[in-house]
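Keep the model open and find each residue as you reach it.

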Amino acid sequence: MVKNKFLIFLFLLIYNIGFSQVYTNKVVGKNQEALLDSLKVAEYPYTLPIWGDKATKKGFQLPYSAGISVNYFWQESDLTIKNLEVGFNNGPMYNLDQIIRFNNAQASGYAATIRPDIWLFPFLNVYGIFGKAKMSTNIDAGVWIPDVNNNWSQITSFNTKADFEGTSFGLGMTPTIGIGGGWLALDMNVAWTDISALDKPAMSFVFGPRLGKTFKLNKPEKNFAVWAGAFRVHLKSGTNGSLALADVLPLDGAQAKLDEAFTKVNDRQVQVDDWWNGLSSKDQAKPSNKAKYETANRALETAGNLLTGIDGALSTAETSTVQYSLEKAPKDMWNFILGTQYQFNRHFMLRAECGFLGTRTQFLTSVQYRFGL
């Protein structure tokens with residue numbers, strides 16, 4: 001019964017949001033003719049972005065070419081898990097998909113990230129992400145076995161909570177364009193997250209399209225923007241790791257709970273064998289009865305192997321380890337995004353964004369400083 005350390009990386013991966021709402025804007029409209037004329041004649045003073053001088057002469061107003069932002073991110077999300085295999089003390093691995101059912105697997109927590117960025121081209125921003133997070137995970141699952149009629153019942157359950165930390169590094173880019181204050185941004189990044197419970201850093205890919213509008217205020221350089229969009233997370237699904245048994249099972253009362261589960265498995269095996277032995281040779285040859293018998297035996301054998309492995313590990317609980325392998329994915333890859341940003345001037349911006357719908361909820365706030373490079 002694997003504890004939920006392997007769930008923590010989901011949070012650490014999806015907090016790698018890199019998007020910040022600044023963009024190259026095509027100046028249009030009669031009330032903007034003075035600004036447009038000044039852009040066309042002014043000398044562009046910075047090295048970046050590449051072709052920045054040409055873009056301004058064509059009537060595009062560019063943000064400062066470099067920036068750094070500090071972000072705070074909170075989220076709560078659900079996972080789906082399959083191809084779960086477990087072993088003890090580096091012994092045989094057992095596939096538990098048939099008998100383990102996850103009622104709930106949820107990760108929640110917060111992170112702080114630093115995001116330096118540059119405008120490489122007038123319509124392409126590239127950035128890095130460096131972050132550290134603290135979070136907790138909750139998992140509620142049970143061990144289930146069938147009878148001869150394929151009616152499944154739970155023989156034991158486990159519910160655990162744990163707190164973790166992790167660090168992450170990511171690279172991303174945002175193609176974007178704006179016309180008259182309206183803009184489209186297609187943020188995407190790849191990130192690697194280092195977590196002690198995993199054999200190697202986990203990798204993710206995040207894609208976040210956003211469509212927004214910026215509104216000017218009375219004072220020069222001040223504005224606020226609003227946007228709507230989506231957020232998609234793709235995870236590299238394979239995960240392998242090893243944990244101390246004490247981090248997997250609450251040892252207090254574990255033996256009594258294990259003995260009770262053994263009794264239920266043995267009783268169910270007796271019922272299945274009695275049913276099978278009570279059938280005539282003709283009835284045993286029926287494909288439906290044979291399938292029921294094989295399904296029940298396979299599940300009961302797996303449950304027995306799992307309980308035997310736990311029993312052996314409990315005899316040396318202080319030094320025993322649990323090895324695991326699984327495939328995981330967000331329960332919902334997409335959720336909906338709403339955001340806003342207040343620009344004090346071309347150097348300082350304050351941003352907030354929330355994500356909802358589906359099984360992931362998130363909130364982000366950040367402050368950004370921009371400068372010419």
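1. **A loop residue to begin with.** This is a predicted model. Start at Asn150, which is partly exposed, with a relative accessible area of 44%. Asn150 sits in the loop between β6 (124-146) and β7 (152-179). Its backbone deserves a look. Asn150 is not a glycine, yet its phi is positive, at about 65°.

2. **Another positive phi.** Turn to Trp51, in the loop between α2 and α3. The phi of Trp51 is near 70°, a positive value in a residue other than glycine. Is Trp51 buried or exposed? Trp51 has a relative accessible area of 54%. The cut-off for exposed is over 50%, so Trp51 counts as exposed.

3. **A cis peptide bond.** Which form does the peptide bond from Leu48 to Pro49 take? The bond is cis, and its omega is near 0°. Check this one on screen.

4. **Two helices side by side.** Now find helix α4 (residues 254-277) and helix α6 (residues 287-314). Their axes come within 10 Å and cross at roughly 155°. That angle makes α4 roughly antiparallel to α6, because angles over 145 degrees are classed that way. The contact of α4 with α6 is made up of 15 nonpolar, 6 polar and 5 charged residues. As for handedness, α4 passes α6 in a left-handed crossing.

5. **The length of α4.** How many residues does α4 have? Helix α4 has 24 residues. From its first C-alpha to its last, α4 reaches 34 Å. That is close to the 34 Å expected at 1.5 Å a residue.

6. **The buried residues of α4.** Which residues are buried in α4? They are Ala254, Leu258, Ala261, Phe262, Val265, Arg268, Val272 and Trp276. Look at the spacing along the helix. An α-helix has 3.6 residues a turn, so residues three or four places apart point the same way. Note that the buried set includes Arg268, as well as Trp276.

7. **Across to α6.** Lys290 belongs to helix α6. With 44% relative accessibility, Lys290 counts as partly exposed.

8. **A glutamine and two asparagines.** Move on to Gln323, in strand β12 (residues 321-330). Gln323 has 10% relative accessibility, so it counts as buried. What does the side chain of Gln323 reach at 3.4 Å? It reaches the backbone nitrogen of Asn89. The backbone nitrogen of Asn90 lies 2.7 Å from a polar atom of the Gln323 side chain. Display both distances together.

9. **An arginine in a strand.** Arg115 is in strand β5 (residues 100-121). The side chain of Arg115 makes a polar contact with the side chain of Asp117, at 3.0 Å.

10. Asp78 is in strand β3 (residues 66-88). A relative accessible area of 14% puts Asp78 among the buried residues, because buried means under 20%. How many residues apart in sequence are Asp78 and Ala329? They are 251 residues apart. In space, Asp78 and Ala329 are 9.0 Å apart, C-alpha to C-alpha.

11. **A serine and a tyrosine.** Ser242 lies in strand β11 (residues 238-244). Ser242 counts as partly exposed, at 38% relative accessibility. Its C-alpha is 6.3 Å from that of Tyr324. In sequence, Ser242 and Tyr324 are 82 residues apart.

12. **A glycine to finish.** Gly131 is in strand β6. At 12% relative accessibility, Gly131 counts as buried. Where does Tyr72 come in? Gly131 and Tyr72 are 59 residues apart in sequence. Their C-alpha atoms are 9.8 Å apart in space.

Terms used
Residues numbered from 1 in each chain as written. Predicted model: local features only at pLDDT ≥ 70, side-chain atom pairs only at ≥ 80, totals over all residues. Heavy atoms only, no water. Axes fitted to C-alpha atoms, helices over the stretch in contact; angles between N-to-C directions. Helix = DSSP H or I, 4+ residues; strand = E, 2+ residues; numbered from the N terminus. Parallel < 35°, antiparallel > 145°, perpendicular 65-115°, else oblique. Left-handed = near helix turned anticlockwise from the far one by under 90°. Nonpolar A, V, L, I, M, F, W, Y, C, P; charged D, E, K, R; others polar. Expected span 1.5 Å × (residues − 1). Buried < 20%, exposed > 50% of the residue type's maximum accessible area, 1.4 Å probe, protein only. Polar contact = N/O pair within 3.5 Å; in protein donor to acceptor, adjacent residues only side chain to side chain.
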